[in-house]
Amino acid sequence: MKKAFVLLLSSMASLSLAACGASSSGNAPVMEDTKTTSSAAAADNTGSTTSEEPIRIGLATVLTGERAMEGEYASNAAKIITEEINSSGGILGRPIEIVIEDGLGTDVGAVNAYRKLADDSSIVAIVGSDNSNDNIAIANEAKQAQILSTAQGSSPTLRDICNENPWLFQLRACEETMIDALIGYAVEELGYTKFALIHDTETNSSDQARLFTMALEKRGIKPLATVSFTTGTKDFTSHITKMQQVQPEAIIGACLFNEAAIIAEQIRAFGMTDMPIFGSNAWADPVTIGLGGEALNGVCSAAAWVPNTTNEKGAAFSQKYQELYGHECAKAAAQIYDHVSIICEAITIAGNTDRAAIRAAMNQITDYHGAITIYDCSTNGDCGRGGLVVRIENEVAVVLQEIYSEKDK
Amino acid sequence: MGQIMQLFVSGLSTGVVYGLIAMGMVLIFRAVGVMNFAQGEFLMFGGYLCYTFNQLLGWNIMISLILASVGMGVVGVLFMRAAYWPLRKAQARAIIVSAMGASMVFKEGSRLIWGSIPVKVDRVLEAPVKLAGGGIIQGQYLAIMIVAAILMLFVYLLLEKTFVGHVMQATAQDQYMASMVGVPVIFSIAMTFALSAMITGIGGGLLAPLFFLNNTMGSTAGAKAFAAIVIGGFGSVQGAVLGGLIVGLVEVFGGAYISTTYQLVLIYIVLIIVLMVRPQGIFSSKIQEKA
Amino acid sequence: MKNKKKSSIIVLLTALAVFALAPLGMGNYMLRVLNVALITYLCVLSVYVLLGMCGQNSFAQAGLWGVGAYMAANLVLRAGFPPVIALLAATAGTALFAFVLGFAFFRLRQYYFTFASVGLMTILNGLFMNWEPVTGGALGMQNIPKFSVFGIMLESEKANFYFILIICVLTFVVMRILFYSSIGRSFMAIRDNEIAANCMGVNSLLTKSIAFGISGALCGIAGALYAFLSGYLSYQTFTYQQSTMYLIMIMLGGTISPVGAIIGTMIISLLQEFVRPLANYMQLIYGAGIMILMVVQPEGILGGGKALYETLHKRKRTGPDAA
Amino acid sequence: MKHYINEKEPVLTLHNVVKRFGGVTAADHVSFELYGGEVFGLIGPNGSGKTTLINLITGIYSADEGNIMLGGKKVTKLSTHTRSKLGIIRSFQHPRLLGRCDIETNILVGVDLAVRRRLPQARDYQERMNILLETAGLSGVNLKDSTERLSYGQQKMLEIVRAMLSYPKVLLLDEPAAGLNRSEMNYIRALISMATNEGIAVLLIEHAMDLVMEVCNRITVLNFGKQITTGLPSEVQENTAVIEAYLGGGGQLAANQ
């Protein structure tokens with residue numbers, strides 16, 4: 001009897017392992033399964049002018065599970081940029097193809113997705129996901145695999161990690177400058193001195209909260225109250241009453257989309273209809289505005305991106321996105337657009353698709369004008385050099401000022 | 001004073017929400033003796049049905065709610081037929097696992113149909129209402145309270161006063177005996193699942209403007225409804241609703257006076273304490289264990 | 001009888017050999033998948049001890065996995081212990097943690113305990129996310145060194161594979177010994193009828209706590225292995241969803257033997273990677289697959305196989321009589 | 001028929017034991033003593049509180065009033081597993097074996113208890129096991145077979161074998177003969193006499209009156225939780241209160257006569 005199980009087990013193990021071995025051999029130039037994966041992106045290649053073998057760029061994002069929204073924007077943006085580049089002749093005379101893998105929103109999933117891409121020798125660079133945790137999880141993988149990888153997270157911790165890791169680039173403005181600009185605007189131009197801070201304890205938001213506090217400290221101000229919550233909180237009565245008790249002139253919020261909208265609605269519902277709110281970048285995202293509606297009017301935010309950005313390239317992309325997909329373009333999409341463009345720029349500079357050559361070319365990109373901002377990749381961390389201070393009026397984020405700063409070298 | 005009043009009002013209003021979801025869970029638990037691990041997904045799916053009628057087709061919110069509820073009734077029966085019925089004689093944990101699989105199907109199916117960008121539906125009552133004691137309650141919460149009260153009354157009347165209700169009760173108590181005296185067990189259980197899904201589905205539609213709809217809405221709300229059932233006692237509908245209120249109050253007052261970061265942790269600490277002190281839940285009577 | 005045992009050992013060894021030789025042609029990606037699957041196997045084995053042997057269903061196993069992982073990471077990074085000591089200490093520490101908690105939790109019977117374990121999981125995850133001085137908060141803990149012993153650093157994925165495989169085989173053997181020991185029989189007596197077990201001198205509170213402690217040890221060792229393997233820990237990993245995966249794995253494999261844990265873990269872990277090409281539809285198909293498998297085979301693949309075998313066997317045995 | 005020795009200290013003493021379930025008194029001031037080597041019969045109509053009494057003695061229920069003593073040691077407040085470690089072992093009305101395990105594992109559970117009781121002879125169980133299996137008519141079974149392969153009667157027998165392997169001081173048998181055929185009944189007789197020969201005090205609940213009258217040294221009759229009478233089988237048979245109770249409860253005693 002036992003024999004039967006064991007037989008079953010061993011045959012299964014050998015079968016499955018044989019299958020894995022075959023599918024992960026990685027020597028074949030085009031792997032059967034990744035071809036299917038990327039068919040979504042490849043389908044739009046109809047306008048491609050060249051019949052050469054495509055240059056393949058990996059995109060590790062989150063397609064399923066709790067953070068699937070990121071993947072939806074990312075896949076859409078990937079289609080647009082693929083089509084754009086291929087219709088204008090491609091890179092080095094070859095079309096590009098974006099291979100998407102699902103990181104599932106877990107560390108293990110992020111590493112598996114990354115490794116699957118890195119193991120495929122035909123992939124020349126990998127775009128990472130929009131989450132500092134995922135980015136940190138793959139940091140050492142990038143070192144090992146020696147392939148140019150980009151990180152979308154904006155955490156200062158990630159900046160330091162990137163600066164020590166030759167293969168990982170933070171193609172995003174570390175939010176220090178942006179948050180500082182927003183607080184500068186609030187304190188110096190609007191004259192507020194009493195703030196209450198509410199933040200999510202999730203990675204990005206808690207980092208942002210730290211930056212907000214730092215920016216206030218720089219101006220000699222301490223937030224009167226700091227309250228935190230965990231992602232998924234739906235009722236903010238206790239948080240808001242805590243903030244109300246200290247009678248702030250303005251509230252600072254650092255959190256994700258859903259929570260930003262709920263907090264705004266509840267603040268307004270509790271009678272603080274005119275309370276100024278200064279929020280992290282999620283507050284001005286079209287997703288948040290779509291949910292929170294008029295409750296978000298008057299919110300100022302340090303955003304990396306808004307759909308009606310003043311950036312020319314960005315505005316064109318934003319319009320194209322809106323036309324193709326029927327909803328407003330969010331930051332998650334614009335970032336993919338920029339990341340892929342920069343990688344293509346690096347490939348052009350390198351002149352070939354050698355992984356090391358592409359990585360070396362990255363450092364030569366010091367003044368790239370992307371859809372979001374200007375990028376300086378002379379060092380690995382904090383490559384995005386700016387963003388926008390925006391104010392939401394009539395449920396539209398309006399740009400108040402553009403932020404830009406030179407990289408300290 | 002005004003602040004405590006506000007906390008109290010908010011606690012009660014979110015508590016009713018949890019109670020409403022918990023009520024749906026309890027109905028199924030009583031009928032089949034297994035916690036439905038896909039109940040949160042009923043909430044999410046009901047919300048999306050409501051969104052389809054209300055936002056995509058542009059119909060009135062009340063009509064959308066009713067249609068969504070009817071739709072959920074069908075979903076409930078299908079769910080029961082696919083995930084529960086084939087396993088009715090298996091161990092409880094097999095049913096739990098199949099419900100978990102179904103829950104994934106619900107979540108991912110909804111994402112494929114409706115996308116992953118969160119959406120919302122219209123509110124039933126728009127403006128916040130000022131209460132006499134000094135608190136403010138959002139109009140939608142007030143609407144939920146009213147609907148919850150109506151649903152509770154409806155469930156009570158249905159179970160206690162109608163023939164169908166008696167059939168459902170009889171099945172819940174002893175499936176074998178019920179089948180012996182001629183109660184069509186499959187019909188009765190299907191009714192229970194349908195009723196549960198309908199209640200939870202309406203909850204989803206009503207919650208969509210407050211919690212916003214995405215495919216993970218069910219897990220977060222479901223976690224608290226689960227706590228509500230355990231705290232209130234999972235034998236009775238009343239216990240579930242009262243448990244929901246306790247969860248709501250613990251959440252708000254715990255947040256205000258202990259820690260906002262650990263709100264969810266506090267709820268579960270209360271859950272464990274209640275289990276230690278009164279395993280059968282606060283509002284259920286002790287069941288004598290049979291030797 | 002003896003012959004049968006011998007042949008089953010041969011088959012097991014063959015399976016092991018297949019496993020051991022498999023990574024030779026594999027890339028980093030598939031190796032990592034296998035490594036994580038093996039670590040997951042240890043956690044599923046902990047569910048086997050609790051559920052399969054002792055009849056107690058816990059949803060806190062991923063939390064215990066996290067306790068082990070953070071403990072090992074803290075011992076190495078903050079206290080500066082060598083990895084071997086950290087591995088052992090994390091195993092013992094998690095075991096002790098679970099054992100002590102068991103005394104509180106097993107005052108609750110059956111599904112009351114399960115409910116409390118859901119609570120424990122939520123609380124642990126909340127701590128992993130927010131207890132900054134110990135867990136590094138939401139950002140987690142980075143730069144955990146690879147495992148090293150006697151000055152040999154397990155740098156490559158392949159070296160880690162063999163190391164983890166050896167630990168898995170050892171734990172499998174320990175589980176077999178446990179199965180045939182007096183304590184294992186106490187577990188099974190409780191599973192089959194708790195009152196009857198009490199009447200045969202089994203102290204249920206102590207015995208169940210021991211079972212929880214053993215499951216804690218398994219999760220602790222798995223956690224430490226994961227910490228050394230991945231080098232990075234964050235709250236995203238140690239979730240309630242992960243715990244539910246363990247239950248799904250053991251249920252699909254079958255709860256009657258630790259072999260069921262192997263089958264379940266390998267099927268689910270590898271299935272997840274095989275359905276990757278479906279991209280957007282991957283989780284949908286995956287969920288539907290779990291549901292269908294459960295409906296078709298409520299006793300798990302092993303249980304179904306056993307039933308099939310017994311039917312065939314019976315037919316063979318009763319065949320001549322009937323004719 | 002063997003006779004117990006009255007001068008000996010009782011092994012098990014129940015003194016005014018009371019157990020109430022809500023309004024129902026399932027055990028109403030029950031008192032009796034059990035001596036080593038005797039078979040004490042506990043009879044009464046269905047629902048008269050016989051099994052409740054076994055549950056009280058083993059500690060599954062805790063007594064509301066009164067005392068239970070094991071060889072001069074008060075065990076009333078002790079937990080079930082502690083009492084079984086002191087030597088109070090029972091069988092169940094419906095056998096409760098390790099259903100998914102083989103026969104050997106089930107037997108070893110009894111050996112485990114003997115080991116836990118720190119009995120010096122515990123680990124040399126092989127010979128005793130063979131004798132017991134033979135006495136119980138189970139010598140032909142394959143120890144590696146699952147218990148599900150056994151007949152109902154064989155499962156009951158296995159349960160008693162398991163109990164005997166732990167060297168009990170008091171053996172409580174809850175309707176061992178129910179559902180058994182004539183030949184299996186003989187194995188029960190053999191097992192009981194083996195127990196009494198070893199000086200074990202046996203408490204027997206049984207509806208099969210011929211068995212009760214044959215093997216019991218003394219009998220107590222319960223009705224509605226109260227002891228109607230206690231005495232020798234012949235005395236009990238003639239007691240009018242007993243006949244009345246049984247006639248009220250279906251006249252089984254009369255029928256069995």
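## Sheet, helices and an interface in a predicted model

Strand S7 (residues 170-174) and strand S8 (residues 201-205) of chain D pair in the parallel sense over five bridges. Pairing here requires at least two DSSP bridges between two strands. Helices (H or I, at least four residues) and strands (E, at least two) are DSSP runs, numbered from the N terminus. This is a predicted model: local features need pLDDT of at least 70, side-chain atom pairs count only at pLDDT 80 or more, and totals for chains, interfaces and linings use all residues. Residues are numbered from 1 along each chain as its sequence is written, while chains are lettered from A and ligands numbered from 1 in the order in which they are written.

**The sheet of chain D.** Val170(D) stands opposite Ala201(D) in S8(D). Two helices pack on the sheet. Contact means C-beta atoms, placed from the backbone, within 7 Å. Angles run from 0 to 180 degrees between N-to-C directions, with axes fitted to C-alpha atoms, for helices over the stretch in contact.

| H1(D), residues 50-58 | S3, S6, S7, S8 and S9 of chain D | about 150° with S7(D) |

**Two crossing helices in chain A.** The axes of H14(A) (residues 331-350) and H15(A) (residues 355-362) come within 8 Å and cross at roughly 105°. That makes H14(A) roughly perpendicular to H15(A); the term covers 65 to 115 degrees. H14(A) brings Ala346(A), Ile347(A), Ile349(A) and Ala350(A) to the contact. H15(A) brings Ala357(A), Ile358(A), Ala360(A), Ala361(A) and Met362(A). Nine of these contact residues are nonpolar, none polar and none charged. Ala, Val, Leu, Ile, Met, Phe, Trp, Tyr, Cys and Pro count as nonpolar, Asp, Glu, Lys and Arg as charged, and the others, Gly among them, as polar.

**Where chain B meets chain C.** Here 31 residues of chain B are in contact with 29 residues of chain C. On the chain B side, H4 (92-114), H9 (217-232) and H11 (263-277) each supply at least two residues. H4(B) gives the largest share, 12 residues. This side has 25 nonpolar, four polar and two charged residues.

**Helix H11(B).** Its buried residues include Leu264(B), Tyr268(B) and Leu275(B). Buried means 20 or more other C-beta atoms within 10 Å of the residue's own. The cover includes S7(A) (225-229), H9(B), H10(B) (237-257) and H5(C) (110-130).

Definitions and conventions: Angles under 35 degrees count as roughly parallel, over 145 as roughly antiparallel, 65 to 115 as roughly perpendicular and the rest as oblique. A residue is buried if 20 or more other C-beta atoms lie within 10 Å of its own, exposed if 12 or fewer, and partly exposed in between; C-beta atoms are placed from the backbone.
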